[in-house]
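Here is a short report for a first look at a protein model.

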Amino acid sequence: MTEVWQTKLGAVRTVIFDLDGTLLDSAPDLHAAANRLLADMGRKPLSLDTVAGFVGNGVGTLVRLCLEATGGVCDFDEAVELFHEHYAWAPADLTLVYDGVPELLKHLSGHGFSLGVCTNKPHGFAVTILTKLGLLPFFAEVTGGDSIGRLKPDPAMLLHCMAQLGSDRYSTLYVGDSEVDNETALRAEVPLALFANGYRKTPLADFSTILIFEHHSELMQLSASQRVATL
């Protein structure tokens, strides 16, 4: 644990996580649902890497980008509805929890941290997936893309999640993986820890973070920073 961590995170009592690309590798299920939608519309399938590159800005953006990549946008509202139906059929069959996540959540909970999720994924899908993967009991709040009528990078989503957990920008760490998460944290004036192996599209040097980590076990040092800060 560096002195920078000890100084900036000594007061952290709440940790809020993005979902897709941060806690979960959910792209395979999103990819499968997107290709079932495209098949319904008589369009060619997209690769996993292509669809993964569309993740992060909500279902509407994902569907729009899939349509743009396969011939153009038409019947957009119907396409979004169909995507929801396909995704609801199998939202977590192929989704994987990143290595070290369950251990990290157990560790943070055991050390008295309040935990939340702030994701552009619709709330119902987020809760269903977290439940199926056994992670929901760790979280006192799940703020989804339809929870307040705004999407990240609008900071209102993160601020809402913080309010539900009784925290503020001085006691909160946000954990994400993408450009959207970086901008959200900057606009909310909350420190960001960036998971380097998620769905980002730009170089790590472009991110404004206090920590870039490659394995979730690195965040288990949070309790150590707090003990040092209180000595």
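## Terms and basis

A residue is buried under 20% relative accessible area, exposed over 50%, and partly exposed in between (1.4 Å probe, protein chains only). Accessible areas come from the Shrake-Rupley method with a 1.4 Å probe, and for residues only the protein chains shown count as cover.

This is a predicted model: local features need pLDDT of at least 70, side-chain atom pairs count only at pLDDT 80 or more, and totals for chains, interfaces and linings use all residues. Residues are numbered from 1 along each chain as its sequence is written, and side-chain values use heavy atoms, with hydrogens and water left out.

## Overall form

The protein has 10 helices and 8 strands. Both are DSSP runs, numbered from the N terminus: helices are H or I with at least four residues, strands E with at least two. The radius of gyration is 18 Å, close to the 17 Å that the globule rule gives for 231 residues, so the protein is as compact as a globular protein of that length. That radius is taken over C-alpha atoms, and the rule is 2.2 Å times the number of residues to the power 0.38.

The C-alpha trace spans about 65 × 35 × 30 Å along its principal axes. Of the 231 residues, 51% count as buried.

## Salt bridges

A salt bridge is a side-chain nitrogen of Lys or Arg within 4 Å of a carboxyl oxygen of Asp or Glu. The count comes to 7. One of them joins Glu68 and Arg64, at 3.0 Å from N to O. These two are 4 residues apart in helix α4 (residues 59-69), so about one helical turn separates them. Glu68 is partly exposed at 43%, and Arg64 is partly exposed at 32%.

Arg169 bridges to Glu189, with the closest N and O atoms 3.7 Å apart. This pair links distant parts of the chain, 20 residues apart. Arg169 sits in the loop between α8 (156-165) and β6 (172-176), Glu189 in the loop between α9 (179-188) and β7 (192-195). Glu189 is exposed at 55%. Asp18, Lys152 and Asp181 are linked in a network of salt bridges.

## A negative patch

Asp40, Asp75, Asp77, Glu78, Glu81 and Glu85 form a negative surface patch. Patch residues have over 30% relative accessible area and no salt bridge, and like charges are joined within 9 Å. Asp and Glu count as negative. Each charge is placed at CG of Asp or CD of Glu.

Helix α5 (residues 76-89) gives the largest share, 4 residues. Glu85 lies in helix α5 and is partly exposed at 47%.

Notes. Patch = residues over 30% accessible without salt bridge, like charges linked within 9 Å, V, L, I, M, F, W, Y side chains within 5 Å.
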